[in-house]
Amino acid sequence: MDDCIFCKIVAGEIPSRTVYEDDDVFAFLDVNPLAEGHTLVIPKGHHETIEDLPADVATSLFAAVHELTPAVEDAVDADGSTVAFNNGEAAGQEVPHVHCHIVPRFEGDGNGPIHALFGGPGEMEDDQLDAVAERIKQY
Ligand code: AMP
Ligand code: ZN
């Protein structure tokens, strides 16, 4: 994609603080970090969302996330990390090239869990839960 900033980073046309690279995957520090060590892990090919990823690239991407998460935590002596995708515009994805955020977390940093995004669990009847579980299984 000619106008994608992450494709330009992979191509070396925009500089980045690269921390990892293999045949399918590239990782670099986020330029506006939410915490020290905030890292982005991306496929080298341009795919907009998780559902656009070929299965083998998804496997490579998660393997890199698996390897990088302890490396990022160790680099900044973190107590944990929030590992997440903003998947699609509705979820707040701003760069339309799929990327996994690894954000180091520290005891008492006060930033809350992913649940804090939603203000708590919604109310669902059992039959609604059964129906949605069935649709996911069928897909
Ligand atoms: P998202 O909102 O999930 O699409 O996140 C996009 C992320 O990309 C943000 O956290 C930005 O700070 C980060 N970002 C944007 N441009 C660059 C860049 N040139 N180098 C590193 N990170 C970037
Ligand atoms: Zn791209």
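Predicted model: local features only at pLDDT ≥ 70, side-chain atom pairs only at ≥ 80, totals over all residues.

Me: Let's start with salt bridges. How many are there?

Reply: Look for a Lys or Arg side-chain nitrogen within 4 Å of a carboxyl oxygen of Asp or Glu. Here that gives 3 salt bridges. In one of them, Lys44 pairs with Glu21, with the closest N and O atoms 2.9 Å apart.

Me: Where do Lys44 and Glu21 lie?

Reply: Lys44 is in the loop between strand 3 (39–43) and helix 2 (55–75), while Glu21 is in strand 1 (residues 18–21), so the pair ties together parts that are 23 residues apart in sequence. Lys44 is partly exposed at 23% relative accessibility, and Glu21 is partly exposed too, at 48%.

Me: What about the pair Lys137 and Glu134: which element holds them?

Reply: Both sit in helix 3, 3 residues apart, or about one turn of the helix. Lys137 is exposed at 64%, whereas Glu134 is partly exposed at 37%.

Me: And is Arg105 buried or exposed?

Reply: Arg105 is buried, with a relative accessible area of 17%. Its salt-bridge partner is Asp109, with the closest N and O atoms 2.8 Å apart. Asp109 is partly exposed at 26%.

Me: Now cysteines. How many disulfides does the rule count?

Reply: A disulfide is a covalent bond between the sulfur atoms of two cysteines. The count here comes to 0. Take Cys100: the closest cysteine sulfur belongs to Cys4 and is 16 Å away, too far for a bond. Cys100 is buried, at 1% relative accessible area, and Cys7 is buried at 14%.

Me: Which residues make the nonpolar surface patch?

Reply: Ile114, Leu117 and Phe118 make a patch of about 380 Å². Leu117 lies in the loop between strand 5 and helix 3, and it is exposed at 69%.

Me: Last one: is Val98, in a loop, buried or exposed?

Reply: Check the accessibility as well as the element. Val98 lies in the loop between strand 4 (80–84) and strand 5 (100–105), yet it counts as buried at 2% relative accessibility.

Technical notes. Residues numbered from 1 in each chain as written. Chains lettered and ligands numbered in written order. Heavy atoms only, no water. Disulfide = S-S within 2.5 Å. Buried < 20%, exposed > 50% of the residue type's maximum accessible area, 1.4 Å probe, protein only. Helix = DSSP H or I, 4+ residues; strand = E, 2+ residues; numbered from the N terminus. Patch = residues over 30% accessible without salt bridge, like charges linked within 9 Å, V, L, I, M, F, W, Y side chains within 5 Å. Areas by Shrake-Rupley, 256 points an atom, 1.4 Å probe, with all protein chains shown as cover.
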